[in-house]
2 protein chains.
Amino acid sequence: MRLHTEHDLAFEQPVALTTPQVHYLRNVMRSSPGDTVILFNGRDGEWSARIETLAKNAGSLISTEKRRDQIQELGPWLLFAPIKRTPLDFLVQKSVELGAAALQPVITDHTNTARIKVDRLRANAIEAAEQCERLTVPEVHDMEKLSVLLENWPVDRHLIVCAECGKVQCIEETLRAAPDNTKWGILIGPEGGFSSSELDLIDSYSFTSLVGLGPRILRAETAALAALTCWQMTVGDWRNIRS
Amino acid sequence: MRLHTEHDLAFEQPVALTTPQVHYLRNVMRSSPGDTVILFNGRDGEWSARIETLAKNAGSLISTEKRRDQIQELGPWLLFAPIKRTPLDFLVQKSVELGAAALQPVITDHTNTARIKVDRLRANAIEAAEQCERLTVPEVHDMEKLSVLLENWPVDRHLIVCAECGKVQCIEETLRAAPDNTKWGILIGPEGGFSSSELDLIDSYSFTSLVGLGPRILRAETAALAALTCWQMTVGDWRNIRS
């Protein structure tokens, strides 16, 4: 059992459970006071904690031992046009597993879904982070227009744009050509692709690179996961092999 | 509209539609005789075809023009322990998009799902191949025990085994170290991991390599898609950039 908390974590720190956490521990995991839970908050590393109280609508833990020091997770920001609910849930869950540092829904000219439940995405991101043993939960931002995001983009962060047309580069070469410690973003277009004016706009910024992902047509969520995998393999932490 | 057919394809070849294809063209796409459909069969390339008849329960096309020559698609075989229905559907769809050449469900010591609807996986594979513009549909095999698959494995096909423990190698280095034109398989373990006797068995064959996929815990379907992406990027066709 591994839970994310907003509380500070330190030795013998009391931690109140949220209502969903109480429900999860009582009704799903059938836990009892004395059982051990693992906690992380994105700031203080990973801690073992003991369930102190677990009543119907409230519960508390006390942290007992630090298991891992906090590390910076330097994954790319992932920008994506919203898609239907099931593949979107999948995209969020898999992006967390594959190490995205932030998730940014983007409105594009061909975006079909005007609204998006950001709270749902945040809950999915927390659950995925709990399960994949990350020490952070990626921030999920509110939806924003592509033009606004590009206008305010930090120029020291290279933005890889996955496109099906235009003058695309090989993603691996683009990643390898950048200096070490480059910060990255990955932008996945909508199902209908970018409009030609969007491609012109993207091309007008020096921090962007249009890349291709092979000869088959990938759905948006597949492209997102494939691009994150390329990033991890080429410049990410996949060389720190789990043993 | 792009459809897979079992029929041979050649100039002015009549092609009968299956009942689901008739339903799809009439009720989903609202097609009429005279409309154009794209056809492929995995053998004769990709063809334009014209709808000749489209009645309630039957219909026919006639192929009119070859659009693409058949090419060999040399992707890896993907072996996976069955998982729950929704992530399994996702795994099949994404594996087709990412170029797997065959799909093989595997029974392992820690496999939870003893039964699997192979017909459902085949239907998903066809639909995904139609949508991602592949010229082949990967073969979906019946479920088989891991020990039987290893015993009958073609020794000239290198099998990458994605594992969370054991002495794992970096997947990229493993892929790059092999000679050009190596044939590949990718084996993804069950949610509970391989048993220690399975790891010993895998290790006893010279055609296997245990590889890791980074420090986070990946779900089985994420591991499958990530490994296929690594394959495409390192030794596959992602350098043939779509333009």
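## Aromatic pairs, core and symmetry

Phe90(A) is buried, with a relative accessible area of 8%. Buried means under 20% relative accessible area, exposed over 50%, and partly exposed in between (1.4 Å probe, protein chains only). Phe90(B) is also buried, at 8%.

This is a predicted model, in which local features need pLDDT of at least 70 and side-chain atom pairs count only at pLDDT 80 or more, while totals for chains, interfaces and linings use all residues. Residues are numbered from 1 along each chain as its sequence is written, chains are lettered from A and ligands numbered from 1 in the order in which they are written, and side-chain values use heavy atoms, with hydrogens and water left out.

**Rings**

Phe90(A) and Phe90(B) form one stacked pair. This pair crosses between chains, from helix α2 (residues 85–97) of chain A to helix α2 (residues 85–97) of chain B. Helices (H or I, at least four residues) and strands (E, at least two) are DSSP runs, numbered from the N terminus.

Trp153(B) and Phe207(B) are also stacked. They link distant parts of chain B, 54 residues apart. Trp153(B) sits in the loop between α4 (146–151) and β10 (157–162), and Phe207(B) in the loop between α6 (196–203) and β13 (208–212). Both residues are buried.

| Stacked pair | Centre to centre | Angle between planes |
|---|---|---|
| Phe90(A) and Phe90(B) | 2.9 Å | 20° |
| Trp153(B) and Phe207(B) | 6.1 Å | 25° |

In chain A, ring pairs join Trp77(A), Trp153(A), Tyr205(A) and Phe207(A) into a cluster.

**Core**

The largest nonpolar core has 86 residues. Such a core is a set of buried Ala, Val, Leu, Ile, Met, Phe, Trp, Tyr and Cys residues joined through side-chain atoms within 4.5 Å. Leu78(A), Ile188(A), Leu78(B) and Ile188(B) touch the most other members. Not counting residues up to four places away in sequence, Leu78(B) touches residues including Leu91(B), Ile186(B), Ile188(B) and Leu228(B). Contact means heavy atoms within 4.5 Å.

**Symmetry**

A rotation of 180° with 0.0 Å of shift along its axis superposes chain B on chain A (RMSD 0.0 Å). That is the relation of a two-fold axis. The same surface serves both copies: 100% of the contact residues of chain B recur in chain A. Copies are superposed by least squares on the C-alpha atoms of residues with pLDDT of at least 70 in both.

Technical notes
Phe/Tyr/Trp six-rings, centres within 6.5 Å; stacked < 30°, edge-to-face > 60°.
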